[in-house]
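Trainee: I would like to learn how to read a few features from a model. Can we go through them one by one?

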Amino acid sequence: MAKKNNNSFKLIMILTLVIVGLLAAIIILTQATKEDAKSFENMPDISGQPVLGEKDAPVTIVEFGDFKCPACKAWGESAYPQLVKDYVDSGKVKFVYINVLFHGQESALGAAAAEAVWKQNPDVYWDFHKQLFDEQPTANHDSQWITTEKLIEIASNTEGVDLEQFKADLTSQDIVDAVRLDSELTDEFKVEMTPTIMVNDKALTDPFDYEKMVEIIEQELDGE
Ligand code: CA
C-alpha cells in the first residue's frame, strides 16, 4: 500500500513537471513571437504613397525610411533587392515607401524631391529613389550632401522627369502636404528608428532579420 502511494506521488510529480515545462515553453514561444514584431490595430493607410509591385498583392510592406539614414541605404542594398526578387516580382507583396524626417532639413529636402518625382511620373519614382540613396556618401554621411543642386542633378539623370516641373514642384503646397502626410503616419505608427519595416500591421523588431521577415510574410499570406 505504501509502495503504491509512493508510485502515485511520483506520477503526480512527473505530470506536474511536464505541465510546468509545457507552460514555460508556451510562455517563451509567445514572448518570442511578440519580440519579433509589434502589432498595430491597422496597417498604415497607403493612399497617396508610391507603390512597387501589384496593387492588389495580398501583403503590404511599408518602409518608413529617410534618404539621409545610412541604415536605410544598407537595407535598400541588402534586404530590399532580395524581397523584390522573392515576393514583389511574384505579386505576393507590394512595397511602399514613407518618408521619415529624422535628419532635419536634408531629410525634408530629399523627401520633397522624391514626392515631386512621384507626383509627375510615378513610373520613374523608384529609379530616382535608388539614385538618391546611391548618392549618400558611405563615409561621413552626416556632412551635408542633400542639396537642391544635387537633387536637380539626380532628377536630370532620371529619364522621364520634366526638370522645370520638378523645380516648381519642390516648393509647392502639394509637396509640402505630401511630406506632412508622411510625418503624420510616422507619428501614428510611433516610428522611432529608420528603417522601420511593417508587414501589414506588424512592425519588425529587427528589419535586417530577413528570415524573420519571410516568416511573418508567410504567416500573413496564410491569413494567420
Ligand atoms: Ca509619401
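The dialogue below takes salt bridges, a surface patch, cysteines and a metal site in turn.

Trainee: What should I know about the model before reading it?
Mentor: This is a predicted model, so local features need pLDDT of at least 70, side-chain atom pairs count only at pLDDT 80 or more, and totals for chains, interfaces and linings use all residues. Residues are numbered from 1 along each chain as its sequence is written, and side-chain values use heavy atoms, with hydrogens and water left out.

Trainee: How many salt bridges does the structure hold?
Mentor: Start with the general idea. Side chains of opposite charge can pair when their charged atoms come close. The cut-off here is a side-chain nitrogen of Lys or Arg within 4 Å of a carboxyl oxygen of Asp or Glu. The structure holds 13 such salt bridges.

Trainee: Which parts does the pair Asp 36 and Lys 212 tie together?
Mentor: The two side chains meet in a salt bridge at 3.1 Å, N to O. Asp 36 lies in helix 1 (residues 2-36) and Lys 212 in helix 9 (residues 210-221), so the bridge ties together parts 176 residues apart in sequence. Helices are DSSP runs (H or I, at least four residues), numbered from the N terminus.

Trainee: Is Lys 212 buried or exposed?
Mentor: Buried means under 20% relative accessible area, exposed over 50%, partly exposed in between (1.4 Å probe, protein chains only). Lys 212 has 17% relative accessibility, so it counts as buried. Asp 36, at 21%, counts as partly exposed. A network of salt bridges links Asp 36, Lys 212 and Glu 215.

Trainee: What separates Glu 77 and Lys 73 along their helix?
Mentor: About one helical turn, because they are four residues apart in helix 2 (residues 70-77). Lys 73 is buried, with a relative accessible area of 9%.

Trainee: Which residues make the nonpolar surface patch?
Mentor: Patch residues have over 30% relative accessible area and no salt bridge; like charges are joined within 9 Å, nonpolar side chains (Val, Leu, Ile, Met, Phe, Trp, Tyr) within 5 Å. Accessible areas come from the Shrake-Rupley method with a 1.4 Å probe. Leu 11, Leu 15, Ile 19 and Leu 23 make a patch of about 390 Å². Leu 23 is in helix 1 and is partly exposed, at 49% relative accessibility.

Trainee: How many disulfides are counted?
Mentor: A disulfide is a covalent bond between the sulfur atoms of two cysteines. The rule asks for a pair of cysteine sulfur atoms within 2.5 Å. The count comes to zero. Cys 69 is buried at 3% relative accessibility, and Cys 72 is buried at 1%.

Trainee: Which residues coordinate the calcium ion?
Mentor: Donors are N, O and S atoms within 2.8 Å of the metal (3.2 Å for Na, K and Ca); water is not among the atoms, so sites may look incomplete. Here the donors are Gln 49 (OE1), Glu 115 (OE), Asp 182 (OD) and Asp 182 (OD), at 2.2 to 2.6 Å. Their sequence spacing is Q-x65-E-x66-D. Glu 115 in helix 4 (residues 105-120) and Asp 182 in helix 8 (residues 173-188) link distant parts of the chain, 67 residues apart. Glu 115 is buried, at 5% relative accessible area, and Asp 182 is buried at 0%.

Definitions and conventions
Helices (H or I, at least four residues) and strands (E, at least two) are DSSP runs, numbered from the N terminus.
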